[in-house]
Structures are given as structure tokens and as C-alpha cells.
Amino acid sequence: MSLNDLMLSRRQALGFGAAALATFGLAACDDAPAPTPEGEETPEEAQLDAEAYDALLATGPVAADEEVAASAWATKVKEAGTLRVGGVQTSLLFCLLNEKDGATRGFDAGLFQLLARYILGDENAYELTQVTSNTRESVLQNDTVDAVFATYSINDDRKKVISFAGPYYTTQQSILVMADNDTINSVDDLAGKNVAAQSSSTGPSILEEYAPDAVIQEFATDEEARSALEQGRVDAYVIDTSMQMGNMTRNPGRYRLAGEEFGPVDAYGIGLPLDSDGVDFVNAWLQRVEDEGLWEELWQLCIGDRAGIDAAPNPPAIGA
């Protein structure tokens, strides 16, 4: 099913029209998620339903003792009584700290909380260490954490020093335009147009390949790129769909996504120590979470309901 097939804007869902999407993550998924920009509070209708989220986690499966005992990685976690996780608390849809109740929630957060429940019988039995793009490997290598959940892109260089379970999510590039723009509806329509991209992302190089006739303007931050779009200095803004969906969620009705995702598929994995038998254990848990519908329910709560998307995508094949 295509992304466009999945997209229903919040206003369309209410019977009014216009488009929306969701998922705040990384610039090209090679850096840790940026915090919500100052002055851009999440609209009330886009806030996470914390009560439903907490109730969903409480339905997660718990592993049998023999399943845990068969894995040295899981046994270590169980004996410690805490799952040590590397992650962030600033990613709007994936892992965000709620300062009112002190809880961390989101799609990534829900997954590592479900994993804590699976091993320890308690979704709150975790300890979160903040990571950046520069520390995600080192915290695994020096045994600071047991696993990293941080919209963590799987690539060959990283697989030389750590192992990955999953993938559990994929993203590509998307085109953001103002909601009233009806002239750009695909990557082919970017020819001759002024297109914003983040200088710190893979957007510029991907645009050079997929839209060689676009006039690329690079900006240092997401906020600068969107300001240029809103001021009419550029016609479109291209970056990974995760970033675009977060922008849509924070600003319902202001933008729309033009056409299908494009470019190379970026797969998010769960970082684990190199050659850990935790890979098989975590993959088996992830498959169970998917088979029991928890992945889909969690995605809908954290992303779909908040972005006006009425159907969850299919999760990627585990181990692919």
C-alpha cells in the first residue's frame, strides 16, 4: 500500500478537506531527533492520548522464563532488573518526555517499554540514557546500555561495530508544500522549482539524483527551510518523511505532502552489542508484537491518530 493510500488529513477525517501526515525524527535519519522548535507547541488535537497509550502497554506479552533463560542478553537484563535503553526524549512522535507527568511516550518509547515488559514483566522497568548520533555506538560498546531505540538507521558501517535487531520501521524522502499549492504533486514536478533541503541531511544529494533540474537551496535547520517555504522563497521542501510528518502534526492544515515518497529506503533498527544473541531474542519479541497487533495499535496511537492517517503501514520484514 502506498503512503498516499494511507494518508487522510485531519481535516479530511473531519469532513473538511486538506492533508496531514506525521513523525518527527531525524534529518535523513543520520542524527538524533531535534527538539520541538521553540514557539511550536503541539496543538491539542495532535497530542498523544496518554491514557490509551498506557493502557496499550499494559496488554503487552511477558516472556516465559525459559525464553529469557535461552538468551544471555535477556538473562543479563532480567538479573539486573532494569532494561537500560539509549534514546532521546525530544522526538515529537517517537520518544518525547511529558514534563507534566514525567513519562516518556512515543512509538520508539512504546516499543522499548513493551520490551521491558516482555523481559521483566513491567513496562516501567527501564532506565533511559540520552544519546546523540555521536554516542549511539559507544554506549553499546562500553556497556552503558543494553539497547538503543532512537530512529536508528541500519547501515553497513554501523554493523561493523554493533548489531541490529529489526528493522521495525522504514522511511524515505517526502516533498512538503503549502496546503494551497496544487502545482507540485510528484518529484517530477520539482523540475525548475526552488526546492529547500537541509544541508545536514542527505536531501541535497538525493534531489540531485531524483530531481536533477530542481534549483536546490540549502538551509541549516528545519525551521529555516520551512520559513523559506512559508515566505514563498522556495516552492517545496524535501527531507525524510519522518521529519515531514512531525512538521505536519505540529501544524495541522498548513502544509501538505506532494505525491509519493521517493529515494532510498531508510530502515530503523534496534541497536544491540556486536554479535549479541539478543538479536534473535529481540527479533522474536518484535515478531510477536507485530503478530498480536500491538505494533499497529502503537503506530496508530503515536503517529496515525495525531497526523490524520487512518491506516497503519505494513511493518518491514524483520531481519531484512
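This is a predicted model: local features need pLDDT of at least 70, side-chain atom pairs count only at pLDDT 80 or more; totals for chains, interfaces and linings use all residues.
Q: What is the relative accessible area of Asp143?
A: Asp143 is placed in the loop that runs between helix 7 (136-141) and strand 6 (147-153). Although Asp143 is not a glycine, its phi is positive, at about 65°. Its side of the solvent question is settled by a value that lies between the limits for buried, under 20%, and exposed, over 50%, so that Asp143 counts as partly exposed with a relative accessible area of 36%.

Q: How many disulfides does the count come to?
A: A disulfide needs two cysteine sulfur atoms within 2.5 Å. The cysteine sulfur closest to that of Cys95 belongs to Cys302 and is 9.8 Å away, which is too far for a bond. Starting from Cys302, the closest cysteine sulfur is in turn that of Cys95, again at 9.8 Å and too far for a bond. By this rule the number of disulfides is zero.

Q: Is Cys302 buried or exposed?
A: The other cysteine of this comparison, Cys95, has a relative accessibility of 1% and counts as buried. The relative accessible area of Cys302 is 0%, which is under the 20% limit. Cys302 is therefore buried.

Q: What is the handedness of the crossing of helix 6 and helix 12?
A: Helix 6 spans residues 107-120 and helix 12 spans residues 294-307. The two pack with their axes 9 Å apart, at an angle of about 145°. Their crossing is right-handed.

Q: How many residues in the contact of helix 6 with helix 12 are charged, as against nonpolar or polar?
A: Helix 6 contributes Phe107, Gly110 and Leu111, while helix 12 brings Trp295, Leu298, Trp299, Cys302 and Ile303. Seven of the contact residues are nonpolar and one is polar. Among the residues of this contact, the number that are charged is none.

Q: How close do the axes of helix 6 and helix 11 come?
A: Helix 11 is formed by residues 278-291, and its axis crosses that of helix 6 at roughly 110°. This angle makes the two helices roughly perpendicular, because that class runs from 65 to 115 degrees. On the side of helix 6 the contact is made by Leu111, Leu114, Leu115, Tyr118 and Ile119, and on the side of helix 11 by Phe281, Val282, Trp285, Arg288 and Val289, a set that divides into nine nonpolar residues, no polar ones and one charged. The two axes come within 11 Å.

Q: What distance separates the C-alpha atoms of Ala74 and Ile119?
A: Ala74 has its place in helix 5 (residues 72-80) and, at 0% relative accessibility, counts as buried. Leaving aside neighbours within four places in sequence, Ala74 touches Val68, Ile119 and Phe281. Ala74 and Ile119 are 45 residues apart along the chain, yet their C-alpha atoms are separated by 6.8 Å.

Q: Which residues is Val215 in contact with, leaving aside its neighbours within four places in sequence?
A: Val215 is part of strand 9 (residues 215-219), and its relative accessibility of 39% makes it partly exposed. Asp235 stands 20 residues away in sequence, at 9.9 Å from C-alpha to C-alpha. Beyond the excluded neighbours, the residues in contact with Val215 are Lys193, Asn194 and Val195.

Q: What percentage of the contacts in the protein chain with a separation of 6 or more is accounted for by residues 24 or more positions apart?
A: The protein chain contains twelve helices and twelve strands. Of its 320 residues, 54% are buried. Among contacts with a separation of 6 or more, residues 24 or more positions apart account for 73%.

Key
Residues are numbered from 1 along each chain as its sequence is written. Side-chain values use heavy atoms; hydrogens and water are left out. Buried means under 20% relative accessible area, exposed over 50%, partly exposed in between (1.4 Å probe, protein chains only). Axes are lines fitted to C-alpha atoms, for helices over the stretch in contact, and angles run from 0 to 180 degrees between N-to-C directions. Helices (H or I, at least four residues) and strands (E, at least two) are DSSP runs, numbered from the N terminus. A crossing is left-handed if the near helix is turned anticlockwise from the far one by less than a right angle, and right-handed if clockwise. Contact means heavy atoms within 4.5 Å. Ala, Val, Leu, Ile, Met, Phe, Trp, Tyr, Cys and Pro count as nonpolar, Asp, Glu, Lys and Arg as charged, and the others, Gly among them, as polar. Angles under 35 degrees count as roughly parallel, over 145 as roughly antiparallel, 65 to 115 as roughly perpendicular and the rest as oblique.
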